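Please consult the sequence and the structure while reading.

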Amino acid sequence: MSILRKHSLVDERLAAETDPINSMANLFDVSIVFIVALFFALFMAYSTLDLFNPDSELVITKTMPNGEIQIITKKGKEIKIEKVTETTESGKGVKLGTAYKLDDGRVIYIPEK
């Protein structure tokens, strides 16, 4: 009688070890680790790890599908997003000076006196 009881305990342990639900929990853990590794790899590929550095300065230019351009600027912990449009602004104002673009690409500003 004692042999049958020992045999039945072994069968119960074996059945618990081969339960398919237990393997699903392990697959979930592996998938979470894989997703975190993918995010880290994407940040490395696009060199955006500077976003997490509190002392870094970063400028990103982004073009939207509708043609709108966004300039994302990060200085320290402050992040600013500016939208650039092709519309022309008008209004009253005072001429402050003249800007000239040189052949080598530099821009020189000469203020009015």
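A salt bridge is a side-chain nitrogen of Lys or Arg within 4 Å of a carboxyl oxygen of Asp or Glu. By this rule, the count is two salt bridges. The model is predicted: local features need pLDDT of at least 70 and side-chain atom pairs count only at pLDDT 80 or more, while totals for chains, interfaces and linings use all residues. Residues are numbered from 1 along each chain as its sequence is written, and side-chain values use heavy atoms, with hydrogens and water left out.

**Salt bridges**

| Salt bridge | Closest N and O atoms |
|---|---|
| Lys95 and Glu112 | 3.9 Å |
| Asp104 and Arg106 | 2.8 Å |

The pair of Lys95 and Glu112 links distant parts of the chain, 17 residues apart. Lys95 lies in the loop between S3 and strand S4 (97-101), and Glu112 lies in the segment after strand S5 (107-111). Relative accessible area (1.4 Å probe, protein chains only) sorts residues into buried (under 20%), exposed (over 50%) and partly exposed (in between). Lys95 is exposed at 58%, whereas Glu112 is partly exposed at 44%. In the other pair, both Asp104 and Arg106 are exposed.

**Overall arrangement**

The protein chain contains two helices and five strands, which run α-α-β-β-β-β-β from the N terminus on. Helices (H or I, at least four residues) and strands (E, at least two) are DSSP runs, numbered from the N terminus. Buried residues make up 7% of the 113 residues. A contact means heavy atoms within 4.5 Å; among contacts with a separation of 6 or more, residues 24 or more positions apart account for 1%. The protein chain exposes about 10700 Å², of which carbon and sulfur atoms supply 62%; such areas come from the Shrake-Rupley method with a 1.4 Å probe, and for residues only the protein chains shown count as cover.

**Strands and hairpins**

Two strands pair if DSSP finds at least two bridges between them. An open sheet of three strands has the order S1-S2-S3 with antiparallel pairing. Its edge strands, S1 (57-63) and S3 (78-84), each pair on one side only. Strand S2 (residues 69-75) pairs with S3 over seven bridges; Ile69 has Val84 as its bridge partner, and Lys75 stands opposite Glu78. The hairpin of S2 and S3 has two residues between the strands, and Gly76 takes a positive phi near 65 degrees. How many of the seven residues of S3 are buried? The number is zero, so S3 lies largely in the open.

**A nonpolar patch**

Patches are made of residues with over 30% relative accessible area and no salt bridge; like charges are joined within 9 Å, and nonpolar side chains (Val, Leu, Ile, Met, Phe, Trp, Tyr) within 5 Å. A nonpolar surface patch of about 970 Å² is made by Phe28, Ile32, Phe34, Ile35, Val36, Leu38, Phe39, Leu42 and Tyr46. One of these residues, Ile35, is found in helix H2 (residues 20-45), and Ile35 is partly exposed with a relative accessible area of 40%.
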